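My entries follow the order in which I checked them.

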Amino acid sequence: MNFLILINSAPNYKYFFYELAKEIESRGHNIYFAIDSHRSKYLEPLPELDNSENSFFFDSYLEKNFNKNLEAPQYEKEYWGDLFYSDFDRFLTHDFNLDKDKNYWLNVKLNLDSFFEEIIKDKKIDFVLYENISNSFAYTAYLQCEKLGKKYIGLMGARLPNHFEIQNSIVEDELKKLEVLAQNPITQDELEWFENYKKSIVDIQPDYMKQNGLDNVAISRIVKVNKFFKAVRLLTIGFKYKHYYDYQFGNPFMAPIKAIRVNIKRYLNTKKSQKFYINNDELEICSSKERFYVYPIHFHPESSTSVLAPEYTNEYSNIVNIANNLPFGTYLYVKDHKSAKGVQSFDFYKKVSALPNVRLVNFDVNIKKLILKSVGVITVNSTAGYEALLLGKPVYLLGRVFYENFKNVHKLQSFKSLRNSFLNESNEVMSDFIAYKRYCNQGVLTIKDSYNEHDKNNIMNIVDNIFRQVDRD
């Protein structure tokens with residue numbers, strides 16, 4: 001079988017997928033790489049991959065074919081937002097790569113299509129392997145898989161500790177799989193697992209939250225030696241390749257400035273916003289006597305919202321509209337996410353805390369203990385909604401997510417539909433959670449810059465699970 005593995009700017013994913021590639025290749029299969037840009041060759045050098053005749057760089061392809069065959073076809077089932085918003089959510093949030101004209105993006109779209117179509121056809125690709133569909137590079141590869149009858153395999157950390165997901169779609173196929181898995185009889189072992197998981201959910205943290213490091217906003221993180229050398233490499237590589245065609249990253253000369261600006265802004269916002277959070281003593285008193293819903297803030301930019309809920313990436317708009325549609329006397333407790341602290345502006349925290357029925361809750365508060373006191377969770381599509389179901393609370397969902405069809409989830413058509421949507425009953429969700437456990441694979445996606453012999457078993461386990469799914473399908 002022939003695998004096409006995608007490589008882009010996500011830190012250390014290149015090294016992780018190369019380890020998977022070596023293991024897949026050792027089992028007698030062929031590996032090809034589609035790489036977004038030559039930037040990867042200089043920023044995260046890996047000669048075995050970078051210089052392989054089986055590696056294809058999109059920036060070179062875009063340069064070669066720029067302004068050729070530019071007539072835009074009318075796609076009935078393709079939309080600008082589906083393709084580019086996941087990228088532009090990053091550009092707009094961090095204010096970079098916004099200097100390209102409309103002609104540039106048309107070139108990118110048409111060349112992405114032909115780039116993946118040619119590779120899949122010429123190399124007789126059977127499977128495209130990457131993470132979940134999180135950006136335009138992956139999205140286009142997925143569309144070409146759909147068009148050419150091939151399979152997309154996306155790896156993603158699961159909400160269950162020590163588990164990961166293998167996704168084949170944005171969300172629709174995954175919902176169908178969960179529906180089928182929920183029909184199977186529940187075993188005694190599964191029943192015991194669910195009861196233990198439910199009892200311990202207040203203190204459980206998903207693996208991806210332990211690994212992401214997004215809660216570190218200290219200034220010291222940007223003056224570390226490895227950060228300094230990375231900045232130097234970025235400044236150097238701007239002379240080594242034509243970064244104009246590096247469509248997801250933009251100008252590397254500006255990247256260190258962008259990173260420093262983002263980190264300093266987060267640090268300052270985190271410090272200055274503290275006065276707008278309800279203090280813990282007052283929170284304890286209010287949450288014991290008030291009727292309230294919990295709204296968890298997301299980290300931005302993030303594919304969970306930019307891909308699955310692009311209409312709801314403006315947190316201030318979400319909070320104002322939810323608060324406006326709550327019954328008088330009912331409060332909205334807006335819980336900041338520890339990975340998202342300082343992401344929003346000082347004005348955001350000031351305005352949100354000023355709303356008459358909103359209480360802004362600090363990122364260091366255990367959201368699950370807060371949910372237990374609430375009458376429910378209103379969310380775009382956060383993990384907190386998933387956890388609330390285990391805690392016996394109804395969830396009001398704005399976006400798309402794998403648990404959207406679980407019992408006790410009410411999908412909202414609009415903010416105003418909140419007024420007629422509040423549920424009082426608590427439905428049993430055991431079969432839904434057991435179906436999700438069946439859907440997940442045991443193991444951890446450990447993303448880092450080097451691997452040793454001790455990591456081999458984990459890599460083998462991930463590949464074993466990939467092939468089990470391939471055989472099953």
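**Entry 1: a salt bridge across the chain**

I looked up lysine 456 and found its side chain in a salt bridge with glutamate 23, at 3.5 Å from N to O. The pair links distant parts of the chain, 433 residues apart: lysine 456 is in helix α20 (residues 456-472) and glutamate 23 is in helix α1 (residues 13-26). I noted the rule: a salt bridge is a side-chain nitrogen of Lys or Arg within 4 Å of a carboxyl oxygen of Asp or Glu. Helices here are DSSP runs (H or I, at least four residues), strands are runs of E of at least two, and both are numbered from the N terminus.

This is a predicted model, in which local features need pLDDT of at least 70, side-chain atom pairs count only at pLDDT 80 or more, and totals for chains, interfaces and linings use all residues. Residues are numbered from 1 along each chain as its sequence is written, and side-chain values use heavy atoms, with hydrogens and water left out.

Lysine 456 counts as partly exposed, because its relative accessibility is 38%. The cut-offs are under 20% relative accessible area for buried, over 50% for exposed, and partly exposed in between (1.4 Å probe, protein chains only).

I searched the whole structure and got 26 salt bridges. Why do such pairs form? Side chains of opposite charge can pair when their charged atoms come close.

I checked arginine 90, which forms a salt bridge with aspartate 87; their closest N and O atoms are 3.2 Å apart. The two are separated by about one helical turn, because they are three residues apart in helix α5 (residues 80-94). Aspartate 87 is buried at 0%. Arginine 90 is partly exposed at 23%.

Then I took arginine 359 and glutamate 282, whose side chains meet in a salt bridge at 4.0 Å, N to O. Arginine 359 sits in strand β9 (residues 358-361) and glutamate 282 in helix α13 (residues 280-289), so this pair links distant parts of the chain, 77 residues apart. I also found salt bridges that share partners: they join Glu23, Arg27, Lys456 and Asp464 into one network.

**Entry 2: a buried glutamate and a buried glycine**

Where is glutamate 165? I found glutamate 165 in strand β6 (residues 163-167). Glutamate 165 counts as buried, at 2% relative accessibility. Its side chain has a polar contact of 2.5 Å with the side chain of tyrosine 436. A polar contact is a pair of N or O atoms within 3.5 Å; within protein, one must be able to donate a hydrogen and the other to accept it, and residues adjacent in sequence count only if both atoms are side-chain atoms.

I placed glycine 250 in the loop between α11 (225-237) and α12. Glycine 250 is buried, with 1% relative accessible area.
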